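Hi everyone, thanks for coming.

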Amino acid sequence: MNNKALSRKAGSFLLLWLLLSNLLLCRSVDSLPICPTGAVNCEVSLRDLFDRAVILSHYIHTLSSEMFGEFEQQYGQGKNFIARALNSCHTASIPTPGNKEQAQNTHHETLLSLVLRVLRSWNEPLYHLATEVRSLQGPPRGILSKAIEIEERNRQLLEGMEKIIGQVYPEDKENEVYSVWPGLPSLQDADEDSRLSAFYNLFHCLRRDSHKVDSFLKLLKCRIIYDNNC
């Protein structure tokens with residue numbers, strides 16, 4: 001078999017592997033146990049709650065990264081959106097660790113609180129994103145479906161985090177303050193370039209914050225469930 005045939009075979013195998021991985025991830029997200037809404041006593045163990053939270057957070061980050069890439073490819077060609085997006089996320093006021101070393105040196109109670117604040121800060125923008133993305137010119141079908149699913153998955157992850165904190169720190173009843181999102185008028189701007197820039201900024205920030213949440217939850221699971229033995 002020549003090199004070209006081997007390359008095609010390897011490419012086909014890689015594509016099949018990626019498709020199967022995505023399928024298994026979607027099934028994992030849907031099949032993990034959750035507590036019924038309004039249930040007084042949650043019988044799901046802390047380990048299972050963390051398992052689900054980590055899978056959900058990774059799935060949200062995957063979707064947000066894909067959505068950002070699709071938007072950039074379809075609407076960002078020739079536009080310097082990134083220059084306006086830097087340091088303009090509405091969650092910038094939340095003092096999260098800037099790198100892995102800082103996260104490892106942050107107490108897990110603080111990390112749990114930060115994850116909760118970030119997730120709550122995205123409730124409103126994700127709701128409006130799933131609505132306002134319909135105003136984009138062109139066929140943003142893939143972007144729309146991902147925006148709708150991310151909103152739902154973020155809600156599920158937030159519910160799971162509230163239950164995790166309820167088990168780890170049952171005495172802590174304080175509602176965490178979250179960052180208010182002021183970006184709705186920008187998504188509805190009559191100027192198309194300004195509106196696209198606002199969408200870009202939101203997608204950029206969502207990708208960034210979903211990566212932080214995913215990283216923090218994996219670290220927290222390692223600490224709390226496996227006593228750092230992972």
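Let me start with the contacts, where contact means heavy atoms within 4.5 Å. Among contacts in the protein chain between residues at least 6 apart in sequence, 83% join residues at least 24 apart.

A quick word on where this comes from. It's a predicted model, so local features need pLDDT of at least 70 and side-chain atom pairs count only at pLDDT 80 or more, while totals for chains, interfaces and linings use all residues. Residues are numbered from 1 along each chain as its sequence is written, and side-chain values use heavy atoms, with hydrogens and water left out.

So what is the chain made of? The protein chain has nine helices and zero strands, and along the sequence the pattern reads α-α-α-α-α-α-α-α-α. Helices here are DSSP runs of H or I with at least four residues, strands are runs of E with at least two, and both are numbered from the N terminus. Of the 230 residues, 42% count as buried. Buried means under 20% relative accessible area, exposed means over 50%, and partly exposed is in between, with a 1.4 Å probe and protein chains only.

Now, how do the helices pack? Two packed helices are described by the angle between their axes and the distance between the axes. The axes are lines fitted to C-alpha atoms, for helices over the stretch in contact, and the angles run from 0 to 180 degrees between N-to-C directions.

Take α2, residues 46-75, with α7, residues 141-168. These two pack at an angle of about 155°, with their axes 9 Å apart. α2 and α7 are therefore roughly antiparallel to each other; the cut-offs are under 35 degrees for roughly parallel, over 145 for roughly antiparallel, 65 to 115 for roughly perpendicular, and oblique for the rest. α2 passes α7 in a left-handed crossing, meaning the near helix is turned anticlockwise from the far one by less than a right angle; clockwise would be right-handed. By class, the contact of α2 with α7 has 18 nonpolar, six polar and seven charged residues. For those classes, Ala, Val, Leu, Ile, Met, Phe, Trp, Tyr, Cys and Pro count as nonpolar, Asp, Glu, Lys and Arg as charged, and the others, Gly among them, as polar.

α9 has another partner in α5, residues 108-121. Here the axes come within 10 Å and cross at roughly 150°, which makes α5 roughly antiparallel to α9. The crossing of α5 and α9 is left-handed. On the α5 side, the residues include Leu 111, Leu 112 and Val 115, and on the α9 side they include Val 213, Phe 216 and Leu 217. By class, the contact of α5 with α9 has 11 nonpolar, one polar and two charged residues.

Okay, on to the cysteines. How many disulfides are there? Counting a pair of cysteine sulfur atoms within 2.5 Å as a disulfide, the count comes to one. Cys 89 and Cys 205 form it, with their sulfur atoms 2.1 Å apart. The torsion about the S-S bond is about -90°, so the disulfide is left-handed. Cys 89 is buried, at 8% relative accessible area, and Cys 205 is buried at 1%.

Leu 158 lies in helix α7 and is buried, at 8%. Leaving aside neighbours within four places in sequence, Leu 158 is in contact with Leu 116, Leu 119, Arg 120 and Asn 123.

Leu 136 sits in the loop between α6 (123-132) and α7, and is buried at 5%. Not counting residues up to four places away, Leu 136 touches Phe 71, Tyr 75, Leu 196 and Phe 199.

And is Glu 70 buried or partly exposed? At 27% relative accessibility, Glu 70 counts as partly exposed. Glu 70 lies in α2, and with neighbours within four places in sequence set aside, Glu 70 is in contact with Gly 142, Ile 143 and Lys 146.
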